[in-house]
Amino acid sequence: MLRDQITQLQTTQFELTQWTNAPMQLEKVAQLNWPADCLFDLMANHNKWPRIFPWLTNVTIDNSEAIIADGLGAVRTCDMGNGMVLEEVIVGWLPPHMYAYAGLDQTHPFGMQHHVGVIICKPINAETTRLRWQHYFNHANPAAMREQLDSSLSAAMQSLINNCGGFVETTNFYKETRK
């Protein structure tokens, strides 16, 4: 279970293979008119996620086992307001450039297994940032899950574009699967 691995977290690097062997299934890339550090602060502010994701009604953070408050080792609980709740552990934390979260398989309402989301903020210049949002997971029907996740991420990206300015550069779907 991921909670047992929190003590293994590192604050200087992130090794994806420590958290999942699932393939990348979906990546969305957008160019946003915000400096990288400001965009990272927004994406890492869990309390603002309901503004980015309109289907979230509440996000709470449990820092009881966190190495960094609201960051590395924190457990984020996302309430969708319809009885669906998603728990994630922050497993990578390299501000202001990257953070990663891993879904707790036994609580995942969409049946994803070995799910890790990676958010990368790479400066293009002082006022513009390329946001890469990658999702690695296994699923009984990966194509359907990619479509559902793409719809959710498209809405989130549009919310960010409405607030920051910018545009979606690309959506990459990956078809390989491995268990």
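Thanks for coming, everyone. A word on the ground rules: this is a predicted model, where local features need pLDDT of at least 70 and side-chain atom pairs count only at pLDDT 80 or more, while totals for chains, interfaces and linings use all residues. Residues are numbered from 1 along each chain as its sequence is written, and side-chain values use heavy atoms, with hydrogens and water left out.

Let's start with the overall layout. The protein chain has 4 helices and 8 strands; helices (H or I, at least four residues) and strands (E, at least two) are DSSP runs, numbered from the N terminus. Read from that end, the order is α-β-α-α-β-β-β-β-β-β-α-β. Of its 179 residues, 47% count as buried, where buried means under 20% relative accessible area, exposed over 50%, and partly exposed in between, with a 1.4 Å probe and protein chains only. Contact here means heavy atoms within 4.5 Å. Among contacts with a separation of 6 or more, 57% join residues 24 or more positions apart.

Now the sheet. In what order do the 8 strands of the open sheet stand? They run β2-β3-β4-β5-β6-β7-β1-β8, with antiparallel pairing; two strands pair if DSSP finds at least two bridges between them. The edges are β2 (58–62) and β8 (166–173), each with a single partner strand, so one side of each has no neighbour in the sheet. From one strand to the next, the twist averages 20°. For angles, axes are lines fitted to C-alpha atoms, for helices over the stretch in contact, and values run from 0 to 180 degrees between N-to-C directions.

Zooming in on one pair, β4 (residues 85–94) and β5 (residues 98–103) are joined in the antiparallel sense over 6 bridges. There, G92 sits opposite A100 in β5.

Two helices pack on this sheet. Helix α2 (residues 36–44) touches β1 (24–32), β4, β5, β6 (113–125) and β7 (128–138), and its direction makes about 155° with that of β6. Helix α4 (residues 142–164) touches β1, β7 and β8, at about 15° to the direction of β1.

Let's stay with α4 for a moment. Its 23 residues should span 33 Å at 1.5 Å a residue, and the end C-alpha atoms are 31 Å apart, which agrees; the expected span is 1.5 Å times one less than the number of residues. Its buried residues include M145, L149, L153, M157 and L160. Cover for the buried residues of α4 comes from elements including β1, α2, α3 (49–52), β7 and β8. Just after the helix, G165 takes a positive phi of about 85°.

So what is inside? A nonpolar core is a set of buried Ala, Val, Leu, Ile, Met, Phe, Trp, Tyr and Cys residues joined through side-chain atoms within 4.5 Å. The largest one has 36 residues, and W49, Y99, I119 and W133 have the most contacts inside it. Helix α4 gives the largest share, 8 residues. Setting aside neighbours within four places in sequence, Y99 is in contact with residues including F40, W49, I90 and W93. A second, separate core of 13 residues includes V91, A102, V116 and V118.

Beyond neighbours within four places in sequence, T128 is in contact with Q31, L32, N33, W34, K122 and P123. Happy to take questions!
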